Amino acid sequence: MTTFVITVPGTFVTHVTDTSRAALERKLATQHTDVSESEGLDLLTLNDDATFSIRLEVDAADRYEAELAAVRLVSDALRETGFSEKDAPLGPPAVTGIDSDL
């Protein structure tokens, strides 16, 4: 199994309060551990133009499965914190780090 750091971009088309941002970060915190923290990566970057990037660690057999899992985790967390798919559309995920025992 390989640990991938996946970056999932998106855009908030509704206002993001400090409370909803904190709730989203709490939902995703367990997916932001050793690899991404040691590289100094923030879990959530929210830009002035309402675009955002979320960086998660996902254990998967390959890149494709890791990207699918990351998008699923981000989508679920957004929905659970009150953002619909229309409120925060996601862009294509990208692998931004890999930690493997191979």
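## Close-up views of a predicted model

View 1. Asp18, Thr19 and Arg26 are exposed residues on the face of helix 1 that is turned away from its buried side. Which residues of helix 1 are buried? They are Ser20, Ala23, Leu24 and Leu28. These four cover an arc of only 125° around the axis, which puts them on the same side of helix 1. What covers the buried residues of helix 1? The cover includes strand 2 (44–46), strand 3 (51–60) and helix 3.

**View 2. The largest nonpolar core.** Here we find a set of 23 residues, and the ones with the most contacts inside this core are Ile6, Phe12, Leu24, Ile54, Leu56 and Leu78. Strand 1, helix 1, strand 3 and helix 3 are the elements that each give two or more residues to the core. Helix 3 supplies the largest share, with 6 residues.

**View 3. Isoleucine 54 and its contacts.** If we leave aside its neighbours within four places in sequence, which residues does isoleucine 54 touch? Its contacts are Ile6, Thr7, Val8, Leu24, Leu28, Leu43, Leu44 and Val74. Two of these names, Leu24 and Leu28, also belong to the buried residues of helix 1.

**View 4. A cluster of rings.** Phe12, Phe52 and Phe83 are linked into a cluster by ring pairs, and the structure holds 2 aromatic pairs. In one of them, the ring centres of phenylalanine 12 and phenylalanine 83 are 4.9 Å apart and the planes stand at 50°, so this pair is tilted. The two partners are 71 residues apart, and their pair links distant parts of the chain. Phenylalanine 12 sits in the loop between strand 1 (2–11) and helix 1 (18–28), while phenylalanine 83 sits in the loop between helix 3 (63–80) and strand 4 (94–100). Are these two phenylalanines buried or exposed? Both phenylalanine 12 and phenylalanine 83 are buried.

**View 5. Alanine 50 in its loop.** Look between strand 2 and strand 3 to find the loop that holds alanine 50. This residue has a positive phi of about 75°, although it is not a glycine.

**View 6. Stepping back to the chain.** There are 3 helices and 4 strands, and from the N terminus they follow the order β-α-α-β-β-α-β. The chain has 102 residues, of which 39% count as buried. Among contacts between residues at least 6 apart in sequence, 74% join residues at least 24 apart.

How values were computed
Residues are numbered from 1 along each chain as its sequence is written. This is a predicted model: local features need pLDDT of at least 70, side-chain atom pairs count only at pLDDT 80 or more; totals for chains, interfaces and linings use all residues. Side-chain values use heavy atoms; hydrogens and water are left out. Rings of Phe, Tyr and Trp (its six-membered ring) pair if their centres lie within 6.5 Å; planes under 30 degrees apart count as stacked, over 60 as edge-to-face and the rest as tilted. Buried means under 20% relative accessible area, exposed over 50%, partly exposed in between (1.4 Å probe, protein chains only). The arc is that of the directions from the helix axis to the C-beta atoms. Contact means heavy atoms within 4.5 Å. A nonpolar core is a set of buried Ala, Val, Leu, Ile, Met, Phe, Trp, Tyr and Cys residues joined through side-chain atoms within 4.5 Å.
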